[in-house]
Amino acid sequence: MSDEFLTRFRRMVDELETHPHLEVIDFHFYRPAKPEQIAEASGSMGGRLPDGLEAFYREMNGFTLEWEITLEELRQGDDSDKGLIDILPLEEVLKDWQGSIWQPDDERFKAVRPFDFFVPEACSALLYREGSGFAPTVHYHYLGELLLDTGYGFRAYIDRLLASRGAWYWIETLCRETHGSPPAQAFFRRMPRLFPGFDPSLFQPGA
């Protein structure tokens, strides 16, 4: 079985666990999705999943991670000191999110399918619309308020997720509307201090 994604996620966790200025609070790799689960999910979406999504779930049907900065000079004393990833199982991603993401009297966000629900109020998401299928890029959704295009397809998004290590609200660096936000600024300030090989050029709004 291919390990295009699993090996890279394990390498990230290993790096974080041995980092002198971070504490890994929790992580969990979920067992791969069964072929019948993937076939059923794909069928419910018209038979076409975004490029890379099926390969990801054939390796792990979800992943969670939480870490925290311990270096006092970089800490802000709040949740922004954390890194958080919560990739949902495939069956959760592709379900109908009526009642939580969208309401019958407000269908603005009906297309949203949360992928990484890193905090209760925000997530990275796929978009699926009946008739046209999946949008080609991953979006950033702040519940009830924002839906912003990162400009990156699934595989390119995963590349950046791994490079970010799930740092607090890192996804805001990928959207034109939020690239200069306080969380994005904190990300660019702290990541080079924590990770000497950090490449800020990865974290620009996509085309």
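In this predicted model, K95 lies over the face of W97, 4.4 Å from the ring centre. R10 is placed over the face of F29, also at 4.4 Å from the ring centre.

Aromatic contacts were then examined. A search of the whole structure returns 22 aromatic pairs. One of them joins F56 and Y57, whose ring centres are 5.1 Å apart; the planes meet at 80°, so this pair is edge-to-face. Both F56 and Y57 are buried. Y128 and F134 form a tilted pair, because their planes stand at 55° with the centres 4.9 Å apart. Y128 is buried, at 7% relative accessible area. F134 is buried as well, at 16%.

Charged side chains were considered next. The count of salt bridges comes to 14. R58 and E54 form one of them, with an N to O distance of 2.6 Å. These two residues are four apart in helix 3 (residues 53–59), which means that about one helical turn separates them. R58 is partly exposed, with a relative accessible area of 34%. E54 is partly exposed too, at 30%.

A salt bridge also links K82 to E66, with the closest N and O atoms 3.3 Å apart. K82 belongs to strand 3 (residues 82–87) and E66 to strand 2 (residues 63–69), so the pair ties together parts 16 residues apart in sequence. E66 is partly exposed, at 22% relative accessibility.

R108 and D106 form a further salt bridge, their closest N and O atoms lying 2.9 Å apart. R108 is exposed, at 52%, whereas D106 is partly exposed, at 28%. Finally, a network of salt bridges links E68, E72, R75, D81 and R190.

Terms used:
Residues are numbered from 1 along each chain as its sequence is written. This is a predicted model: local features need pLDDT of at least 70, side-chain atom pairs count only at pLDDT 80 or more; totals for chains, interfaces and linings use all residues. Side-chain values use heavy atoms; hydrogens and water are left out. Rings of Phe, Tyr and Trp (its six-membered ring) pair if their centres lie within 6.5 Å; planes under 30 degrees apart count as stacked, over 60 as edge-to-face and the rest as tilted. Buried means under 20% relative accessible area, exposed over 50%, partly exposed in between (1.4 Å probe, protein chains only). A charge sits over a ring if NZ of Lys or CZ of Arg is within 6 Å of the ring centre and within 35 degrees of the ring normal. A salt bridge is a side-chain nitrogen of Lys or Arg within 4 Å of a carboxyl oxygen of Asp or Glu.
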